[in-house]
Amino acid sequence: MAMLRLEQVTVRFGGRAALDAVDLEVAEHETVCVLGPSGSGKSTLLRVVAGLQHTDAGRVRLAGQDMTGVPTHRRGVGLMFQDHQLFPQRDAGANVAFGLRMRGMPRAERDRTVAELLDLVGLPGAQRRAVAALSGGEQQRVALARALAPRPSVLMLDEPLGQLDRGLRERLVVELRRLFGSLGTTVLAVTHDQGEAFALGDRVVVMDQGRIAQTGTPLEVWRRPASEFVARFLGFDNVVEATVHGAVADTPWGKVPVPSDTPAGPCRLLVRPAGVRLVPEREGLGCEVVARTFRGDHVVLILQPPGAPRLEATCPLRTAPESGARVGVAFDADEVVLLAA
Ligand SMILES: Nc1ncnc2c1ncn2[C@@H]1O[C@H](COP(=O)(O)OP(=O)(O)OP(=O)(O)O)[C@@H](O)[C@H]1O
């Protein structure tokens with residue numbers, strides 16, 4: 001059964017739809033990450049589920065129950081916002097205990113729960129530490145412990161790791177995944193960072209102007225972006241007009257092999273950079289290397305073919321040609337994706 005279900009949810013501000021007839025299901029124990037550019041409606045979606053935003057149409061169900069008219073504090077959802085909104089004058093323990101005290105949990109049980117939660121988020125014994133004296137990552141963990149304390153049926157995270165530096169974010173994503181897995185928490189998270197969404201989510205939802213542009217596992221979305229919008233949002237720029245005949249497509253880059261089930265006719269094609277293979281100049285499409293960016297274990301090349309759009313390719317550091325070099329390019333059908341109009 002879906003733990004959370006949105007049915008045709010629409011929210012308008014002025015004339016514009018911030019959410020436009022959105023349908024979405026999150027299964028029990030599932031982590032779904034909503035991804036999209038600024039203004040695509042991600043935060044509005046969370047606010048609707050939390051009961052902080054009025055809807056113009058549609059409904060939200062939690063564990064099958066229609067939430068229309070149910071106030072935030074009776075929905076059983078946990079919220080953790082971007083700026084984590086801790087009480088700065090209280091210690092870590094009092095912050096975590098906040099929701100438990102509101103529910104009238106007896107003191108001894110509260111103390112035990114707070115200790116367990118601080119253990120869980122990797123801050124054992126931090127009850128008496130002043131919030132203001134904690135690092136950004138530690139504050140994030142306290143905020144997470146506080147959101148988990150009332151055992152919400154759905155935990156919602158808005159840019160949970162937004163403010164933190166990259167190394168810490170990567171570590172925390174791994175910890176969060178393990179934590180949600182072991183607790184069996186149902187999670188709806190919002191982020192504009194695709195790396196975070198792909199690392200954290202069992203499923204990702206890509207939003208575009210209040211609508212869901214694609215939903216799938218991280219692998220499905222990464223391997224097969226459904227549209228040019230999703231492809232470009234994920235940073236794939238090798239997109240061209242093409243006409244498919246059988247197993248090849250005519251493109252400004254010449255003939256490009258396509259997967260065997262590709263329907264014939266005009267379309268837009270994406271060639272993922274991994275499918276742009278370097279070969280000796282005479283054996284492929286001749287290109288000049290116009291830029292070369294070091295990315296740790298590989299290099300990203302920007303290639304300029306004569307009279308056609310630039311191509312992005314990746315290659316191992318050891319074999320990467322220099323800027324200005326001339327190379328040939330061949331394409332792999334496995335990395336070619338037909339995009340919806
Ligand atoms: N209270 C409001 N009044 C008017 N317009 C609003 C309000 N809240 C959001 N909007 C508009 O609705 C659209 C969606 O906003 P939302 O905050 O949901 O986007 P977002 O994807 O979360 O963006 P960001 O990544 O920048 O936080 C935007 O065009 C925004 O300007």
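Visitor: How many residues does the protein chain have, and what share of them count as buried?
Guide: The structure is a predicted model. A residue is called buried if 20 or more other C-beta atoms lie within 10 Å of its own. Among the 341 residues of the protein chain, the share that counts as buried is 38%.

Visitor: How many helices and strands are there in the protein chain?
Guide: The C-alpha trace of the protein chain spans about 80 × 45 × 35 Å along its principal axes. Within the protein chain, the elements are eight helices and 20 strands.

Visitor: Which domains does the domain assignment give, and how far apart do their C-alpha centres lie?
Guide: The assignment divides the protein chain into domain 1 (2-232) and domain 2 (237-339). Between the C-alpha centres of domain 1 and domain 2 the distance is 38 Å.

Visitor: How many residues of domain 1 are in contact with domain 2?
Guide: Contact here requires C-beta atoms within 7 Å. On the side of domain 2, six residues take part, and on the side of domain 1 the number is also six.

Visitor: How do the residues on that side of domain 1 divide by type?
Guide: The side in question is the one where domain 1 touches domain 2. Its residues comprise two nonpolar, one polar and three charged.

Visitor: Which helix gives the most residues to the shell around the ligand?
Guide: The residues surrounding the ligand include Phe-13, Gly-36, Lys-42, Ser-43, Thr-44 and His-192. By type, the shell holds two nonpolar, eight polar and one charged. The greatest contribution, three residues, comes from helix α1 (residues 42-50).

Visitor: In what sense do strands β1 and β2 pair, and over how many bridges?
Guide: Strand β1 covers residues 2-13 and strand β2 covers residues 16-27. The two form a hairpin with two residues between them. In the turn, Gly-14 has a positive phi of about 60°. The pairing of β1 and β2 is antiparallel, over eight bridges.

Visitor: What share of the contacts with a separation of 6 or more is between residues 24 or more positions apart?
Guide: The share concerns contacts in the protein chain with a separation of 6 or more. Residues 24 or more positions apart make up 64%.

Conventions. Residues are numbered from 1 along each chain as its sequence is written. This is a predicted model: local features need pLDDT of at least 70, side-chain atom pairs count only at pLDDT 80 or more; totals for chains, interfaces and linings use all residues. A residue is near a molecule or strand if its C-beta atom, placed from the backbone, lies within 6 Å of it. Helices (H or I, at least four residues) and strands (E, at least two) are DSSP runs, numbered from the N terminus. Ala, Val, Leu, Ile, Met, Phe, Trp, Tyr, Cys and Pro count as nonpolar, Asp, Glu, Lys and Arg as charged, and the others, Gly among them, as polar. A residue is buried if 20 or more other C-beta atoms lie within 10 Å of its own, exposed if 12 or fewer, and partly exposed in between; C-beta atoms are placed from the backbone. Two residues are in contact if their C-beta atoms, placed from the backbone, lie within 7 Å. Domain bounds come from an automatic or database domain assignment. Two strands pair if DSSP finds at least two bridges between them.
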